[in-house]
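I opened the two-chain model today and kept notes as I went. The entries follow in the order of looking.

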Amino acid sequence: MSVYRPTSLDAPEAEVVRAVYDDVVDGLRDHLHPLSFDVEGPFATPGALLSDPYAVVQWVFVGVDDGEGFNNLWPTAKKITVRGVTIVDRSPADWLFHRHIDWNAVSSQLGGSLGRSATPLLVRSREDARFYAADHYSFDEPD
Amino acid sequence: MPGMPYHLEKGGWLSVLEDYLNGAPGRSAQVLALLRNPSVPVSDTGFLQSPALDKDPDYETEPKRVGHLRSDWFGWTGTGVLPARRQDPFLKQVKARVGAKAFATAAGKTSLTERDARKVHRVLDALAAETTTLRNWPITGFWVQYFGDVEEIVRQTLVRTIEVSLGLEHGEKIPRSGPRRTLPIELFWKCPQRWFEGWVTWRWDESHGTGQVTTLLATPGSGKPVLQNPLDGKDAFRPTTWTTDELVRAPIGPPPSVGARSWRGAPKGMWVVTHEHHLEMPDLPDHHPTTTGSWAIPEFGPTYVGLGDVVCVQPSEADGGTTPFGREYVPPRRSSAPSRPRRSRSSSRDGSKGAPR
């Protein structure tokens with residue numbers, strides 16, 4: 001089965017979605033072995049929202065964590081789903097990709113959460129938080 | 001210490017180090033002298049030279065073991081198996097990554113030293129907002145999203161451990177008559193947490209001359225995964241007894257200490273050895289546009305940097321530490337046997353209301 005799943009897209013949208021697909025697969029090539037790529041969200045039917053010179057693609061990619069590992073973590077052999085929105089700037093000859101990716105979801109799928117915050121200020125009462133913050137970050141205490 | 005797939009580890013390396021410190025009279029004192037000399041690398045204090053570690057399939061030779069400890073734990077660099085250069089300070093590494101010009105722009109006219117944690121944070125905040133090339137902060141060795149002087153923390157932790165074991169004040173020379181006591185030392189490695197700490201804890205029963213120093217190296221993750229199911233570990237099993245049928249030499253510990261019973265050693269203790277300051281690095285935006293396929297995977301969660309001196313701190317009991325004598329158990333004034341519950345006249349055993357008897 002093909003990794004690339006979008007079908008029946010019109011020409012301009014299809015070209016953009018294909019470019020985003022190439023960018024995602026290539027960008028994650030050292031980390032995830034690709035299983036599937038598809039578009040989703042409000043622009044899924046046309047594939048992309050076009051507003052020259054920009055295009056917006058909401059996508060979902062699934063791959064196996066069998067590469068070099070994320071951020072020095074050992075590869076886990078888990079199936080990882082990566083979701084993102086890419087804004088493509090088509091004005092330069094080499095298109096530019098602004099990627100907004102749900103990395104928190106990737107981290108939690110890898111089992112990487114620690115479940116504890118760290119702070120220089122031990123706030124025992126919620127009411128004190130603004131005072132401590134204003135003092136620590138040197139700004140006027142907000143109302 | 002390559003890392004095991006559990007949250008708590010002793011493993012071959014710490015087992016050998018324990019035996020090295022406990023197994024022969026006077027040896028921990030010799031190691032203490034080496035550790036107190038900052039020009040002696042922690043990797044060169046003796047235990048890694050033991051052929052007892054040759055069984056480790058990944059680090060079966062001394063150079064490999066020394067190289068692993070220096071590079072993966074302490075962040076040393078260099079070519080070949082044996083790194084020979086200690087890690088550069090954090091700000092120097094940041095400057096090398098972003099370039100002197102970008103660094104100078106963020107720093108302005110500020111004279112920056114790593115001792116001034118707040119000033120460092122302000123400058124790095126400005127740098128993170130402006131730079132489009134810095135996608136990850138420098139880290140030490142294989143520790144995930146942590147930078148610090150790990151070698152100094154390990155050194156100070158072991159120094160404190162041996163000093164407590166031998167009944168010495170910090171920096172005190174060993175008396176000519178010999179140490180006041182020699183408590184056995186137990187070592188563990190616990191991970192993950194956000195930054196690197198050494199925990200030195202002890203018990204000392206003066207009336208019997210017995211006790212123990214238990215030290216934990218509490219560290220960030222090394223990248224090695226933790227097994228979700230404890231029985232999936234290599235040769236893991238459910239023990240039914242704590243005894244063994246193996247006939248091999250048991251680890252040798254020091255004999256019960258003897259001597260004056262009027263000495264003022266605290267019977268309990270709990271210290272943490274770590275950097276004086278820990279800075280949470282500013283978030284590095286990862287949405288700056290690049291051409292196709294040019295990705296940089298961002299950090300997952302915060303990166304912490306240890307700055308300033310390595311200090312030894314005694315937390316209060318209220319914050320989870322212990323007082324020198326702990327808190328004595330006091331039995332309840334009344335009998336601790338559970339009292340017979342009084343049954344309501346309007347309720348029955350199964351909770352339903354019934355007619356009073």
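**Entry 1: a strand pair in chain B**

I began with a bridge: in β5(B), Lys190(B) has Ala218(B) as its partner. The strands concerned are β3 (residues 185-190) and β5 (residues 210-218) of chain B, which pair in the parallel sense over six bridges. Strands are DSSP E runs of at least two residues, helices are H or I runs of at least four, and both are numbered from the N terminus. I count two strands as paired if DSSP finds at least two bridges between them.

I note that this is a predicted model, where local features need pLDDT of at least 70, side-chain atom pairs count only at pLDDT 80 or more, and totals for chains, interfaces and linings use all residues. Residues are numbered from 1 along each chain as its sequence is written, while chains are lettered from A and ligands numbered from 1 in the order in which they are written.

Seven strands of chain B form an open, mixed sheet in the order β1-β3-β5-β4-β6-β7-β2. Its edges are β1 (8-9) and β2 (146-147) of chain B, each pairing on one side only.

**Entry 2: chain B overall**

I listed seven helices and seven strands in chain B. Their order from the N terminus is β-α-α-α-α-α-α-β-α-β-β-β-β-β. Chain B is more spread out than a compact globule, because its radius of gyration is 26 Å, well over the 21 Å that the globule rule gives for 357 residues. That radius is taken over C-alpha atoms, and the rule is 2.2 Å times the number of residues to the power 0.38. Along its principal axes the C-alpha trace of chain B spans about 85 × 75 × 45 Å.

I checked burial next. A residue is buried with 20 or more other C-beta atoms within 10 Å of its own, exposed with 12 or fewer, and partly exposed in between; the C-beta atoms are placed from the backbone. By that count, 31% of the 357 residues of chain B are buried.

**Entry 3: helix α2 of chain B**

Which residues of helix α2 (residues 27-35) of chain B are buried? I found Ser28(B), Leu32(B) and Leu35(B). Seen down the axis of α2(B), the buried residues fall within an arc of 65°, so they line one face of the helix. The arc is that of the directions from the helix axis to the C-beta atoms. These residues pack against α1 (11-22) and α7 of chain B. Contact here is C-beta to C-beta within 7 Å, with the atoms placed from the backbone.

I found a cis peptide bond from Cys191(B) to Pro192(B), with omega near 5°. Pro192(B) sits in the loop between β3 and β4 (197-205) of chain B. Chain A has a cis bond from Asp52(A) to Pro53(A), with omega near 5°. Pro53(A) is in the loop between β2 (49-51) and β3 (54-65) of chain A.

Gln145(B) has phi near 55° and lies in the loop between α6 (117-130) and β2 of chain B. Gln145(B) counts as buried because it has 23 C-beta neighbours inside 10 Å. Asp235(B) has a phi of about 60° and lies in the loop between β5 and β6 (268-280) of chain B. Is Asp235(B) buried or exposed? Asp235(B) is exposed, with 4 other C-beta atoms within 10 Å.

**Entry 4: chain A**

I listed three helices and five strands in chain A. In strand β5 (residues 96-101) of chain A the side chains alternate. Strand β4 (residues 79-89) of chain A runs antiparallel to β5(A), joined by six bridges. One bridge pairs Gly84(A) with Ile101(A). The two strands β4(A) and β5(A) form a hairpin with six residues between them.

**Entry 5: where the chains meet**

How many residues does each chain bring to the contact? I get 21 from chain B and 27 from chain A.

How values were computed: Contact = placed C-beta atoms within 7 Å.
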